[in-house]
Amino acid sequence: MTRASPADPRPLTVLGIETSCDETAAAVVRLPAEGAAQVLSSEVASQIADHAPFGGVVPEIAARAHVEVIEAIVRRALASAGVGLDGIDGIAATAGPGLVGGVMVGLSFGKAIALARDLPLVAVNHLEGHAVSARLGAEIPYPFLLLLVSGGHCQLLEVAGVGACRRLGSTIDDAAGEAFDKIAKSLGLPYPGGPALERLAAGGDPARFALPRALLGRDGFDFSFSGLKTAAARLAEGLTAEEDRRDLAAAVQGAIARQLSERTARAMRAYAGEHRGEALRFVVAGGVAANGAVRAALQAVCAAEGFAFAAPPLAYCTDNAAMIALAGAERLAAGLTDDLDAVARPRWPLDEAAALANPVHLPGRKGAKA
Ligand code: KG4
Ligand code: ZN
């Protein structure tokens, strides 16, 4: 077994595996000693069709679907990278947070390869994968301020490297993607709702419907979307005309983009105060970063606050294994590996100290998302 040390100048080639929600994904990423990481392959098998009839992800269906395709997806990732297991330096598998049945499938598969080939295993936090995702193919040095907005998470973090994320704020109820999905459902749109709502909103009048502006002007960097969700669901009842639905979708998208950018601007001011004289960088990652209105609002905030804006390519915003492979490679380069008894964790905050110190975000039904 070859284990890299921080001084190791060789590139590291890592196989990543992601199965925490409804995508079975595998990827091969090469991390050189200098310069940006290269994605050699990134395969994603989406289960959208399996879950669509139920209007959301069904955990049992997800776990079974992962079992059915994981081997083929891993083989495909290796083949399209043109790399055999002999050319792999380590295995990175998502170990949480997520739907634990699915996480176990990918993590066990990764452990089996690591054991059989005597390769180091890295049990990756899915959120750390999103945190590094903008570094796939682009040189974005640490530290940066990160807005992680996905279906399960909505948080602001200061990212100084793998294993060095400090949480500044997070949602006190729903994640932004969850709000998109649930409101889309009340508008009769198909799952997953975020992209469908964005399409419906195109050309709509965002000013026609008034929606609650949660936490506006409040101290801190937390988010809240449940009031918006309830108000939008009420307004959606009985709306049948296409134009009305379009205007409501535009209002919802605008309200989400506004809250994300308002809270981010506050965090930027605090971050800038702590990083005087340094280059100020902002990254938005996670599925909701694919939304054009959200990106535009955040770009405007970056321009106003003097931050450089970065976001992963669209394919690496939503769940993928390239980001898991990169987090694994960066950990491997730092000598951070895991034992084969690493457990699958349904809940796993990135910044455990902040999560435990703040009772709002303690593990619980809502804590998982925070
Ligand atoms: O990162 P991701 O694939 O999975 C999680 O880790 O949660 O994010 C999925 C979320 C879903 O809620 C989906 O509706 C949302 O990202 N999403 C979008 C868009 N594309 C994906 N939301 C708004 N607009 C989009 N274009
Ligand atoms: Zn995700």
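**Figure 1. Leu280 and its contacts in the predicted model.** In this predicted model, Leu280 touches Tyr271, Ala272, His275, Gly306, Phe307 and Ala308 when residues up to four places away in sequence are not counted; contact here means heavy atoms within 4.5 Å. You will find Leu280 in the loop between helix H8 (242-274) and strand E9 (281-285). Helices (H or I, at least four residues) and strands (E, at least two) are DSSP runs, numbered from the N terminus. With a relative accessibility of 16%, Leu280 counts as buried, a label that means under 20% relative accessible area, while exposed means over 50% and partly exposed in between (1.4 Å probe, protein chains only). For a sense of distance, Leu280 and Lys185 are 95 residues apart in sequence, and their C-alpha atoms are 38 Å apart in space.

Because the model is predicted, local features need pLDDT of at least 70, side-chain atom pairs count only at pLDDT 80 or more, totals for chains, interfaces and linings use all residues, and side-chain values use heavy atoms, with hydrogens and water left out.

**Figure 2. Ala267 within helix H8.** Staying with helix H8, this view turns to Ala267. Which residues does Ala267 contact, leaving aside its neighbours within four places in sequence? They are Leu145, Leu156, Leu168 and Phe221. Ala267 has 0% relative accessibility and counts as buried. Its C-alpha atom is 9.8 Å from that of Leu146, although 121 residues separate Ala267 and Leu146 in sequence.

**Figure 3. Arg331 in helix H10.** Here we look at Arg331, part of helix H10 (residues 322-333). Is Arg331 buried or exposed? At 19% relative accessibility, Arg331 counts as buried. Once its neighbours within four places in sequence are set aside, Arg331 has Val122, Glu128, Val162, Gly163 and Leu336 as contacts.

**Figure 4. Two buried residues, His153 and Ser170****.** His153 sits in the loop between strand E6 (144-149) and strand E7 (154-159), and its relative accessibility of 9% makes it count as buried. Ser170, in turn, belongs to strand E8 (residues 165-170) and counts as buried at 0% relative accessibility. Between the C-alpha atoms of Ser170 and Val67, 103 residues apart along the chain, the separation is 32 Å.

Figure 5. Most residues other than glycine have a negative phi, and most peptide bonds are trans. The peptide bond from Tyr142 to Pro143, however, is cis, with omega near -5 degrees. Pro143 falls in the loop between helix H4 (126-132) and E6. The bond from Tyr191 to Pro192 is cis as well, with omega near -5 degrees, and Pro192 is placed in the loop between helix H5 (176-186) and helix H6 (193-201). Asp118 is not a glycine, yet its phi is positive, at about 55 degrees. Look for Asp118 in the loop between helix H3 (100-117) and strand E5 (121-125); at 48% relative accessibility, Asp118 counts as partly exposed.

**Figure 6. Where domain 1 meets domain 2****.** The protein chain is divided into domain 1 (2-137 + 319-346) and domain 2 (144-311), with bounds that come from an automatic or database domain assignment. How many residues does each domain bring to the contact? Domain 1 supplies 20 residues and domain 2 supplies 15 residues. The C-alpha centres of domain 1 and domain 2 lie 27 Å apart.

**Figure 7. The setting of the close-ups.** The protein chain as a whole has 11 helices and 10 strands. Its radius of gyration is 20 Å, close to the 21 Å that the globule rule gives for 370 residues, so the chain is as compact as a globular protein of that length; the radius is taken over C-alpha atoms, and the rule is 2.2 Å times the number of residues to the power 0.38. Along its principal axes, the C-alpha trace spans about 60 × 50 × 35 Å. Of the 370 residues in the protein chain, 53% are buried.

Conventions: Residues are numbered from 1 along each chain as its sequence is written. Chains are lettered from A and ligands numbered from 1 in the order in which they are written.
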